[in-house]
Amino acid sequence: MGRERSLRMAACVGLMGVVAAATGCASGSHDSAAADMSPSARTYLSKALSIMEEHSLVRHRIDWAELRSRAFSQARGAQKAADTYGAIDSALYALGDGHSAFWEPEQARERFGAFPVNLDGLEGRSLKSGVGYISLPGVQGSQDTYDQYVRQGRGAVAKAGADDACGWVVDLRADTGGNMWPMLAVVGPILGDGKVGAFVDADGSKSVW
C-alpha cells in the first residue's frame, strides 16, 4: 500500500434516535459480513482501514463506521487477503483526496523493486544568459534507483554551473511524482541551507524539511 493514505464525520442531535437506529443496523451488517470472512482476510482488511484512519489527511471528515461497514460488505465472503483488494481500493477512492491509492503486491514490486531505470530526463545545462537549467523527472523505485538519481542529478547541477549561475530554471514538466527526497537532494546545492518547506498533517502539526 503506498506510504501515505487520506480520509470524513457528522452528527445530528435532533434525529438522535434515528441515527442510533441506523448505526445499530450498520454495525449489525458489518458484523455479519465480517463473520462470513476468514480470520486472515478479516484481519487484513481491518488493518488496512485502520492505517487509513490513522494517517489520512482528511480523517476528521470521514464517517469511519460507515466506511468500514461498506468495505466489509463489499468484501463479504473473502477467504484470502487478495479477496479484499477491491474493498480497500473502493475505500481509498471514497476518501476523495485525489492522492491515496492501493497497490497490489505485484504492483508494489514493480514500483519498488531493483529494476533498471531510465533517467534520460534528468539533465542540466547552462543557458546563454548565465542561468542554470535543471530538469527533474519523477522517480519511484528501490534505494539503488534513488542513489543513481541523486548522483546523476548532482552531476547535472554541477554541469549547469552550480557555483556560477546567476539564477535557475528548475523544469518540473516531466515530474510525475514519486519519492520527493531524491529530488530535494538533487537541488540541495541550489536551495542552500535552511527550511524549504514542510508537511502539515490533519491536526495542523508541521514537519519541516
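These legends describe close-up views of a predicted model.

**View 1. Arg76 and Asp36 form a salt bridge between two loops.**
The search of the whole structure finds 7 salt bridges. In this one, the side chains of Arg76 and Asp36 meet at 2.8 Å, N to O. Arg76 sits in the loop between helix H3 (64-74) and helix H4 (85-95), and Asp36 sits in the loop between helix H1 (16-35) and helix H2 (39-55), so the pair ties together parts that are 40 residues apart in sequence. Arg76 is partly exposed, at 40% relative accessibility. Asp36 is partly exposed too, with a relative accessible area of 39%.

**View 2. Arg59 and Asp203 link distant parts of the chain.**
Their side chains meet in a salt bridge of 2.7 Å, N to O. Arg59 belongs to the loop between H2 and H3, while Asp203 belongs to the loop between strand S4 (198-200) and strand S5 (206-208). The two residues are 144 residues apart. Is Arg59 buried or exposed? Arg59 has 17% relative accessibility, so it counts as buried; the cut-off for buried is under 20%. Asp203 has 51% relative accessibility, so it counts as exposed; here the cut-off is over 50%.

**View 3. Glu66 and Arg70 pair up within helix H3.**
Here the salt bridge spans 2.7 Å, N to O, between the side chains of Glu66 and Arg70. Both residues lie in H3. They are 4 residues apart, which is about one turn of the helix. Glu66 is partly exposed at 40% relative accessibility. Arg70 is partly exposed at 41%.

**View 4. The largest nonpolar core has 22 residues.**
Which residues have the most contacts inside this core? They are Met37, Leu45, Leu49, Met52, Phe72 and Ile88. H1, H2, H3 and H4 each give two or more residues to the core. H4 gives the most, with 6 residues. In soluble globular proteins, nonpolar side chains tend to be buried together.

**View 5. Phe72 touches residues that include Met37, Leu45 and Leu49.**
Residues up to four places away in sequence are not counted here. Phe72 also touches His30, Ala33, Ala34, Arg42 and Ser46. Another core lies apart from the largest one. This other core has 12 residues, among them Leu122, Tyr149, Met183 and Val187.

**View 6. Helix H2 has a buried face.**
H2 has 17 residues. From its first C-alpha to its last, H2 reaches 24 Å, close to the 24 Å expected at 1.5 Å a residue. Which residues of H2 are buried? They are Ala41, Leu45, Ala48, Leu49 and Met52. Seen down the axis of H2, these residues fall within an arc of 90°, so they line one face of the helix. They pack against H3 and H4. On the other side of H2, Pro39, Lys47 and Glu54 are exposed.

**View 7. Helix H4 also has buried residues along one face.**
The buried residues of H4 are Tyr85, Ala87, Ile88, Ala91, Leu92 and Leu95. Down the axis of H4, they fall within an arc of 165°, so they line one face of the helix. What covers them? The cover includes H2, H3 and helix H5 (105-112). Just after H4 comes Gly96, with a positive phi of about 70°.

Terms used:
Residues are numbered from 1 along each chain as its sequence is written. This is a predicted model: local features need pLDDT of at least 70, side-chain atom pairs count only at pLDDT 80 or more; totals for chains, interfaces and linings use all residues. Side-chain values use heavy atoms; hydrogens and water are left out. A salt bridge is a side-chain nitrogen of Lys or Arg within 4 Å of a carboxyl oxygen of Asp or Glu. Buried means under 20% relative accessible area, exposed over 50%, partly exposed in between (1.4 Å probe, protein chains only). A nonpolar core is a set of buried Ala, Val, Leu, Ile, Met, Phe, Trp, Tyr and Cys residues joined through side-chain atoms within 4.5 Å. Contact means heavy atoms within 4.5 Å. The expected span of a helix is 1.5 Å times one less than its number of residues. The arc is that of the directions from the helix axis to the C-beta atoms.
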